[in-house]
Structures are given as C-alpha cells and as structure tokens.
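Please read the following points with the structure open beside you. They begin with the chain as a whole and then turn to single residues.

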Amino acid sequence: MKKQNLIALFLMLAGLAGGALAQQPQYQQARQEDRNLIQRELRTRISADERRDYDVQIDRAETWYISRNESGIRGRARINSNRSNDWRTITFEGVIDMRRNIVNNLRWQYDNQYDRRDDRYGQQPQYGQQPQYGQQQTGVVRTGRYEIELVATRRMLSVSTDGRTVVQASGNGRLSQWDIEDAGNGYYYITSVSSGEAMTASGRGENGDTVVLARLRRGDQNQMWQIRQGPDNGYYFTTQRGKALDSPSSARSEGGRMQIYNSNSEANQRFVLRSVDNYGGRDQNYNRDRDYRGRDRDQSFGGYGQQVGSLVWRGRVDDVTVLEIRDRTVRARVVSGQPAQQISSNFSSALPRNEVNVTVDKRRGRGEVRVVQQPSRSNGYTAMIEIRDSSGGSSDYEIEVRWN
C-alpha cells in the first residue's frame, strides 16, 4: 500500500513539474529569414538613433512562440560605424509580426560588460522582461525603475508638458517614474517611462542650464549621470563635468524646473529613490491599469477584440517624424529633419489602455508610414507611428491609425 502511494505521489509531482516547464518559453535558433529581418531593422533603427550609418552583424538570435501571429526574438549582435573599425556588442529583443513581416517593440542596448564565460541565454525570463545578458552593476544603484523625490521639498521629479524635468507635489503615475540604466564606470542613463527620452543637461552644461528630456544618445556626456550616496539614504546626481542636478530656490514650487549647478551637498541636490517593480510584475499603476481595462471593455461592442477606434492625423513632414499616440493625445517627435508643421488630428475614441492591435494606412504622402511600436504595458500603452519622408524637402501627409 505504501509503495503504491509513493508511486502515485511521484507521478503527481512529475506532472506538476512538467506543467510548470510547459509554461516556460521554448527557445530555438532563429530562422535565417528572421535573422535577416532583425538585422535590417537594427541597422535602420541604430543608424537613425546614432545619426550615422551602421553595419550590423548578428552573432546569435533565438525565437520563441507568443501567439499564432507573433514570435519573440532576442540575441546579440555587433555593430560598426562606417567611420571606424571599432565593433561594439549590443543585445536586442523584439516581437516579430509574422503577418506583416515586421519587428515591433524592438529594444537594443550596448553590452560592453558582456563576459563570454557567463552566457545568460540559459536563463529563460518571461516575455516582456528586460534583457539582462551579462549585465553587471558598476555603480551604487541597481538598474531598474524608480520614483525620484527631492529631499528639500519632498516633491517628485516629473515631466512637464514642454519636455522639461520638473518637481511635482505628488506622484503622477508614469510621468513620475524613471528607468535608471547602468552605463558603465559608475554612470547611468535616466529615461522617462512616459516618453522614453533621457534626462539631459541642456546648453553647454554650465551653471543654471535647464535639465530637459531628449532622445537618448548613448555616449553623450550631457545624458550620463554619476550617482553617489549621501546622508539619510539620499543620492546625488552629477554630470561628467561635475555639475549636480539642482533645484533652484526660485523654482521649488509646483512645476518648478530642475537645473545643474556646482555641487553643494545640500538637500536641494539630494534625492531619495523608491524602486518600482516594473519588468514582468505589478507596479504601482497595476490597479489603475486594471480599472482602465475594465472601463474600456465595458465601453466596447461586446468585449475585447471588438474595440474599434481611429485617429486621422495630418501634417507636413520633413525626413523622419514619429507620432506617439496615447489616450486622446498625439505628439509629433522629430527624429531627423525639421519639426512637423500644419498639424491637425481627430480621434474617434481614445486609444485604450490595453494591448490592442494598431494598424496604419497612408491616405496622402510620398514617403513610408509604418507602426514601429504597439501599445503595451511596458511603454504606457503608447502606439508609435513612423513617417519617413526621404525625398528631400517636406511633404504633406494624411494618415489613418486604427486599433481593434
């Protein structure tokens, strides 16, 4: 009798273990078609980000199943500017839309700390977590998502409507959340969760220069911050030129701007960091996101999958502009060329706060229009549409963005 019980217990445990393993992503070597696709997309994206032509060579790529129409892809590559012979290693992760043969939600980062003896591909994180291949901590703060509070006023660092870094009296969701990424040698990039742009010392990086948000340019010393510990669990943020992130006495009210100034180690330059559990887990916006999802579902025509909405956008575009769509707002962010002109937009309904599928049709315009990022929890449910007009000069565009 006891032997039979032991056999039954063993079979039950084996079944549970098999079920748990079945829930893990099953990784496999990427097909050559997928390697070619990610190589082309990385070349285009990195060349646009760095504003120079780059060559890309895929060292390793693997895919995993997400749904019938999507598969994840991640791996490692080497990149090289045509102006030098210096090859640098990057890691990447994205989602392949197999119906349209495009890559969505592509993320890449330099991986100077990679150690070939420490191959992290054996670890299999759930889809949606940040890639951590060989990442090592070089400073006093661990890479992650944080709220940043100014000790002098107990106000939160936040993002203003005109793209500056300001202080607010209380937390404002993702507008008051920041991703702090180890950049090596004790320095960090600090990017806004709401926009993906980096905290940047404007001007020549001198006393009184305003701290703004700008497109992340890796290696730009105005975007690299050294974080050092201070008293009472506080931290100081200083630029490579030795200027500290500072709240001027004349701007400590609601919405007051941040600047850089000579370090004084006082409370107006000291900050408290509060970690936000973001990658793959619940963060403080989880309940709010859930409430929005429920509201969108109730307002739809029968539930998820039947939500229908659209945006018609018109404007004059020169070179490359990305439209960032969230709720009922659309922001035209210039990547290269001149800012978009003569802009108008019309929403039929708000973009829902859940992972709907976004498509785009070009009604007028001579260049290319495509979806470069689908709305997801990791980007604050923001859809990004790229308009690429490379024919010289500017051109009028009219596009329709739809979601369902």
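1. In this predicted model, the accessible surface of the protein chain amounts to about 20,100 Å². Carbon and sulfur atoms contribute 43% of that surface. Of the 404 residues in the chain, 49% count as buried.

2. The protein chain contains 3 helices and 23 strands. Among its contacts with a separation of 6 or more, 59% are made by residues 24 or more positions apart.

3. Is glutamate 62 buried or exposed? Glutamate 62 has a relative accessibility of 6%, and because buried means under 20% relative accessible area, it counts as buried. This residue lies in strand S2, which covers residues 54-65.

4. The side chain of glutamate 62 is joined to that of arginine 74 by a polar contact of 2.8 Å. Arginine 74 also places its charged end over the ring of tyrosine 27, at 4.4 Å from the ring centre.

5. The count of aromatic pairs comes to 3. One of them is formed by phenylalanine 237 and phenylalanine 271, with 5.3 Å from centre to centre and 85° between the planes, an edge-to-face arrangement. The pair links distant parts of the chain, since its members are 34 residues apart: phenylalanine 237 belongs to strand S14 (residues 235-239) and phenylalanine 271 to strand S17 (residues 271-276).

6. Phenylalanine 237 counts as buried at 1% relative accessibility, and phenylalanine 271 is buried with a relative accessible area of 0%.

Terms used
Residues numbered from 1 in each chain as written. Predicted model: local features only at pLDDT ≥ 70, side-chain atom pairs only at ≥ 80, totals over all residues. Heavy atoms only, no water. Helix = DSSP H or I, 4+ residues; strand = E, 2+ residues; numbered from the N terminus. Buried < 20%, exposed > 50% of the residue type's maximum accessible area, 1.4 Å probe, protein only. Contact = heavy atoms within 4.5 Å. Areas by Shrake-Rupley, 256 points an atom, 1.4 Å probe, with all protein chains shown as cover. Polar contact = N/O pair within 3.5 Å; in protein donor to acceptor, adjacent residues only side chain to side chain. Phe/Tyr/Trp six-rings, centres within 6.5 Å; stacked < 30°, edge-to-face > 60°. Lys NZ or Arg CZ within 6 Å of the ring centre and 35° of its normal.
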